[in-house]
Amino acid sequence: MPFGNTHNNFKLNYTVDDEYPDLSKHNNHMAKVLTKEVYGKLRDKQTPSGYTLDDVIQTGIDNPGHPFIMTVGCVAGDEESYEVFKDLLDPVISDRHGGYKPTDKHKTDLNFENLKGGDDLDPNYVLSSRVRTGRSIKGYTLPPHNSRGERRAIEKLSIEALTSLDGEFKGKYYPLKSMTDAEQEQLINDHFLFDKPVSPLLTCAGMARDWPDARGIWHNDNKTFLVWVNEEDHLRVISMQKGGNMREVFRRFCVGLQKIEEIFKKHNHGFMWNEHLGYILTCPSNLGTGLRGGVHVKLPKLSTHPKFEEILTRLRLQKRGTGGVDTASVGGVFDISNADRLGSSEVDQVQLVVDGVKLMVEMEKKLEKGEAIDSMIPAQK
Amino acid sequence: MPFGNTHNKSKMNYSAEQEYPDLSQHNNHMAKVLTLDMYAKLRDKETPSGFTLDDVIQTGVDNPGHPFIMTVGCVAGDEETYEVFKDLMDPVIEDRHGGYKPTDKHKTDLNAANLQGGDDLDPNYVLSSRVRTGRSIRGFSLPPHCSRGERRGIEQLSIEALDSLEGDLKGRYYALKNMTEEEQQQLIDDHFLFDKPVSPLLLASGMARDWPDARGIWHNDNKTFLVWVNEEDHLRVISMQKGGNMREVFTRFCTGLTKIEDLFKDRGHEFMWNEHLGYVLTCPSNLGTGLRAGVHVKLPHLSKHEKFGEILKRLRLQKRGTGGVDTAAVGGVFDISNADRLGFSEVELVQMVVDGVNLLVNMEKRLEGGDGIDDMMPEQK
């Protein structure tokens, strides 16, 4: 792959016009922002680890658009990408995160007690509850860029940290490359297993290199808390369970996350975080909290209502199919989660999900009875 | 992507063991050859344009094996790759090309008059005949590595050269990125259109970056001679027609190729060639002649014969499905072509196809008649 600085310097023999990508058919955040001028200004730069502009934008060039969502079209290769390429990434972040400005500060709140309610979403409608986030380990480059040596070091640190957890968090690590068929089958049945990325959004960014080396899944014995190692981010941390007790899910999430962070800090590898961008992750869409709190909920009537989209927008929620981001819903069951990541805290975002889903279930019940829901349409949050 | 030399240098902070890929599940030429010691020796090197060892081997690390063929598992990013990484490439070349030694010389012979026969393969069996090769333009890096500026430079040069062809070679260029629906359909119907690579062997090496920028197809008005620009190699040159007149196909091939080479030379650009490796191409498997001459031939009886594989081997031929390298045969129709590329001249290879296919068809006719073919078994060529 040509994206190192020798080749980057070599590319400077060609003019900006020669090298500037053709984005005429493109519809992603990067394409909206990357003018020839910005390209010309940033193309000779690199981060200390050698990540260049072409590295940042390759995925957005190779993937002009997506049927369901407005994609970001750029990734970070390391913590410094967000600084060195701020002329591109600041406007992308602003566009993606509701006008978030370069001078704004992000609030982190992982104190689950600040959540109000959330333990009683109706399990007749809310089939499962889940909260996930990502974490990047300071001192290593990110999945689009890291070498095998770095990735293995991340895995090793992660295993040390995770295997020292106890109580409700006691669990086991399953490396992808030495998983038995039986283990694999069980992890699939538990909905825990992640597979080699097939989405070109991810593969074009280089995240799948050397698969399945140093990738793995850790989960607790109770199967309610799991960690993905070296998938799209260094760590993806997930708390989940059947039913509608989002409060319990969020409690476990916060407690587990903080325990893990302490252990990493002891090894002098804290998480990447700053007061402007919050938690630093590979995709600019996951900055801030990196949090997606969601439920699988039955909304067969509401989802066919003409105002469904509008309601979601006002509640600052997003719908996905039950297979995740690139899928459509099946049988009226939707994955409903917070749309925001940056500019509001973890507690804020989970509160939006709890309150919003509660309202939507009420609306569904109304529609079941043949009644209208016009009086229930919420104001824009 | 992290494969430039700044990141290459920062990878040196990790030991060779830490960075050495896990090739334990692998079965490709690169994996057979790349020991830890070799990795350690080559990992700090780069070509003048910045291609590194990890760039060379990434496709082989990401693709442990292939169901139908023994893959190469490494690619060149520029002409110098074969020199800078000769400790890896020489044994791969030797293993792939029947013991070809670092001191061997390769013979180029594009004089179609030297072919004997070949104009009368039975069209009741031989449905079509085709000869292809690749060419790389000296001074540019290769598809796994080239930038948009370089790729566009190659396209520009190619269009100028091809547009000046005349007589039965007169034709037209169709850029992939602004093809009309009709043009696209016509090219599909003619079996000319190449599409964005889907094979992970190609994708993992970076050849599909920026698709479809600067890619295109040129063909003559007679639709018997075509050139692919910026697919797996800078140029792929193809001569083809229905029926069994391989002699005519090869004659047109040689004439066209020689004319194109002259046109490039007129514009100050040669093809990459040296007396050891012949024509230098992206994949080590295509070194030498880069030539694959083949037919689509009906062999329903012979292909089921227990000695079919052995016969092909002795004739130095190879079978593929009619969809190309990654496909299986349909309806007893096979793509039969020369297995060799390096160490034999173009004329020699096409001769093997002509003589071999003649024999295979005669065997098929024998078997149709219910007779045996034991007396027809060829010697090892």
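This is a predicted model: local features need pLDDT of at least 70, side-chain atom pairs count only at pLDDT 80 or more; totals for chains, interfaces and linings use all residues.
User: Where does K223(B) lie in chain B?

Analyst: K223(B) sits in the loop between strand 3 and strand 4 (225-229) of chain B. Helices (H or I, at least four residues) and strands (E, at least two) are DSSP runs, numbered from the N terminus. Residues are numbered from 1 along each chain as its sequence is written, chains are lettered from A and ligands numbered from 1 in the order in which they are written, and side-chain values use heavy atoms, with hydrogens and water left out.

User: Why is K223(B) called partly exposed?

Analyst: Buried means under 20% relative accessible area, exposed means over 50%, and partly exposed is in between (1.4 Å probe, protein chains only). K223(B) has 31%, so it counts as partly exposed. Its phi is near 60°, a positive value in a residue other than glycine.

User: What kind of peptide bond joins W211(A) and P212(A)?

Analyst: That one is cis, with omega at about 0°. P212(A) lies in the loop between helix 10 (200-203) and strand 3 (216-220) of chain A. In chain B, the bond from W211(B) to P212(B) is cis too, with omega near 0°.

User: Why is the pair K177(A) and D22(B) called a salt bridge?

Analyst: The rule wants a side-chain nitrogen of Lys or Arg within 4 Å of a carboxyl oxygen of Asp or Glu. The closest N and O atoms of K177(A) and D22(B) are 2.8 Å apart, so the pair passes. Across the interface of chain A and chain B, the rule finds 4 salt bridges.

User: How many residues of the two chains are in contact?

Analyst: Contact means heavy atoms within 4.5 Å, and by that rule 51 residues of chain A are in contact with 48 residues of chain B. The area buried between these chains is about 3500 Å², with carbon and sulfur atoms giving 46%. Buried area is the accessible area (1.4 Å probe) that two parts lose on being put together, summed over both.

User: Which domains does chain A have?

Analyst: The assignment gives domain 1 (5-97) and domain 2 (112-369); such bounds come from an automatic or database domain assignment. The C-alpha centres of the two domains of chain A lie 27 Å apart. Between domain 1 and domain 2 of chain A, about 2000 Å² is buried, and carbon and sulfur atoms give 65% of that. On the domain 1 side, E79(A), Y82(A) and H97(A) lose the most area to domain 2, together 30% of what that side buries.

User: How do you know that E79(A) forms a salt bridge with K138(A)?

Analyst: The closest N and O atoms of E79(A) and K138(A) are 3.2 Å apart, which is within 4 Å, so this pair qualifies. The count between domain 1 and domain 2 of chain A is 1 salt bridge.
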